[in-house]
Amino acid sequence: MVNLDDVGRSGAWVPDPPAWWQREVIYQIYPRSFFDSSGDGIGDLPGIRERADYLAWLGVGAVWLAPIYPSPDADLGYDISDYVNVDPRFGTLDDFDAMLTTLHERGIRVILDLVPNHSSDQHPWFVESRSGPGSPKYDWYVWRSSRPDGSPPNNWESYFGGPAWDYVEPPGQWYLHSFDRGQPDLNWDNPEVREAMQDVMRFWLDRGVDGFRVDVLWLLSKDPELADNPVNPEWGEGGPPWLRLLRANSEDGPRAHEYARVLRGVIDEYPDRVMVGEVVLPPARAVAFHGERLDEAHMPHNFALTELRTWSAEEIRPVVEEYERQLPRGAWPNWLLGDHDFPRIASRLGPERTRVAHMLLLTLRGTPTWYYGDELGLPDAHFPPGTLAMIDPQASTSPERDRFIARTPMQWSAGPHAGFSEVEPWLPVASDDGSLTVERQREDPDSVLSFVRSLIHLRRRTPALASGTYRSLSGPPSVLSFERWHPDGTVRVHLNFGATSQDVEVDGAGRILLSTNEPPETRAGGHTMRLRPYQGVIVRTAAPGTPG
Ligand code: GLC
């Protein structure tokens, strides 16, 4: 735990020495789509193990695996029917141990997805619970009777659309499901549920996992009265149905932070583990999940970059500064461009702007989380209607929010199915373009993959990038410039998010450490650098710089 007496204001704090989760890039793997070693079209744990050398070559220090547990797949693994096992399609517990050992041998940590808010409706806990109030597990879920007119207990809506309640006979009551009806919400107000989830964590921590990414951490506590959610005053007829109500009572309830501490307590029973939390809330409320005493998530995920609209320097600078300002003292920041719930960054920005976005992610202060395949510049997939064997539950109510577009197989080679599998994969590959493969890009020094790899390795060996302080610098329009200070040396980063060339002032004696593409020309005796459109550079300064 951080000693707050050693910490100045947040931006000026350099952890010494940084923990592994502060220093390293976390790489998210969607196991179903990484590498199929068994020939069934579905990625698996031995497949991840086989690709350990790739991960080590890329330079990532940790992987976060989306759920690997037995699941009927109402929400592809986020509906768990056994928390302490591996889904046979992904392998066995022995396969898990072997994968963990191999990754650890390569110096790569493993973070599992923990889904404590809801189980599968086929989990034995729920099967027992639904037998009614006499069941010892009845109160493990959220059951309520109909309102007098026979309607559901309140107006809450599922994140996937439609009511958040389903009626079951027996017990002649409704159960709450914040997501799919196959994902009943566990009742976190029941201490037995909390203890059961702590035991789940210990099961995996005892096996040697390095931490958890906690799914929907901000949902564990709800209004105890289950009061209706208010209507969003900004919503108008024809607006997206999922924004009609404000989720004031169905999320981030009065015990949310207490429950985050319950989870963190288990993490702290073990040395050197990490707790990452999924918290999709406005920044001020999201950073509160670090905990007042930094005793909740080490890193509540920061989704600020996923919400950018224009990707102009003018939009990004205040977002970064505001987040830095809001972080509690001593809390460690983190950034991501997307995950398995978002369209891919290359499709959101277009290929010409992706490199500068990657450079932003890997040079800001804080741990970056990387989404598999983004290092190749993979685009979103397009599935002709009616061609998939299964669909994303979110897409069943909102086709425009289909998350499968960004969950397609990793593209390893130009062979059939991009070398992911020998048979038809569970989802088609996003692109048949042979240049969007590891095999091709590894050999090409100008590829996105080679660039990303250089960026990751540069970040790893440059203390200023890994853990230095952050300070915005002024620059010409459309250029985001900032300094990362560290006692061992300072770097400056200049990112041109605009479509025209821009001159930035540089320290004449500085040295370019990395550029998104062909290094820019310097002029005026080395004091000006002309950045091309969408070009980014990292420069080591000769001057000592200013600490945050
Ligand atoms: C999280 C996951 C998402 C899942 C949901 C329900 O938001 O990232 O994929 O559908 O939780 O578990």
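**Exercise 1. The ligand shell**

By class, how many nonpolar, polar and charged residues does the shell around the ligand have?

*Solution.* Keep in mind that this is a predicted model. Step one: take the shell as a whole. There are 14 residues around the ligand. Step two: sort them by class. Four are nonpolar, three are polar and seven are charged. Step three: pick out the nearest. Asp-75, His-118, Asp-215, Glu-278 and Asp-341 come nearest to the ligand.

**Exercise 2. Polar atoms at the ligand**

Find the distances from ligand oxygen atoms to polar side-chain atoms of His-118, Glu-278 and Asp-341. Then state how much of the ligand the protein buries.

*Solution.* Start with His-118. A polar atom of its side chain sits 2.9 Å from a ligand oxygen. Go on to Glu-278. Here an N or O atom of the side chain is 2.8 Å from an oxygen of the ligand. Finish with Asp-341. The distance from its side-chain N or O atom to a ligand oxygen is 2.5 Å. Now turn to area. The ligand taken alone exposes 310 Å², and the protein buries 96% of this.

**Exercise 3. Two helix pairs**

*Solution.* Take H11 and H14 to begin with. Helix H11 spans residues 351–363 and helix H14 spans residues 448–461. Their axes come within 10 Å and cross at roughly 15°.

Helix H6 covers residues 191–207, and helix H7 covers residues 256–267. The axes come within 9 Å, with a crossing of roughly 30°.

**Exercise 4. Backbone checks**

Locate the cis peptide bonds from Asp-16 to Pro-17 and between Pro-170 and Pro-171. Then place Trp-311 and report its phi.

*Solution.* Begin with Asp-16 and Pro-17. The peptide bond from Asp-16 to Pro-17 is cis, and omega is near -10°. Pro-17 belongs to the segment before helix H1 (20–23).

Next, Pro-170 and Pro-171. They are joined by a cis peptide bond with omega about 10°. Pro-171 sits in the loop between strand E5 (165–168) and strand E6 (173–176).

Last, Trp-311. Its phi is near 55°, a positive value in a residue other than glycine. Trp-311 lies in the loop between strand E9 (299–300) and helix H9 (313–326).

Definitions and conventions: Residues are numbered from 1 along each chain as its sequence is written. This is a predicted model: local features need pLDDT of at least 70, side-chain atom pairs count only at pLDDT 80 or more; totals for chains, interfaces and linings use all residues. Side-chain values use heavy atoms; hydrogens and water are left out. A residue is near a molecule or strand if one of its heavy atoms lies within 4 Å of it. A polar contact is a pair of N or O atoms within 3.5 Å; within protein, one must be able to donate a hydrogen and the other to accept it, and residues adjacent in sequence count only if both atoms are side-chain atoms. Accessible areas come from the Shrake-Rupley method with a 1.4 Å probe; for residues, only the protein chains shown count as cover. Ala, Val, Leu, Ile, Met, Phe, Trp, Tyr, Cys and Pro count as nonpolar, Asp, Glu, Lys and Arg as charged, and the others, Gly among them, as polar. Axes are lines fitted to C-alpha atoms, for helices over the stretch in contact, and angles run from 0 to 180 degrees between N-to-C directions. Helices (H or I, at least four residues) and strands (E, at least two) are DSSP runs, numbered from the N terminus.
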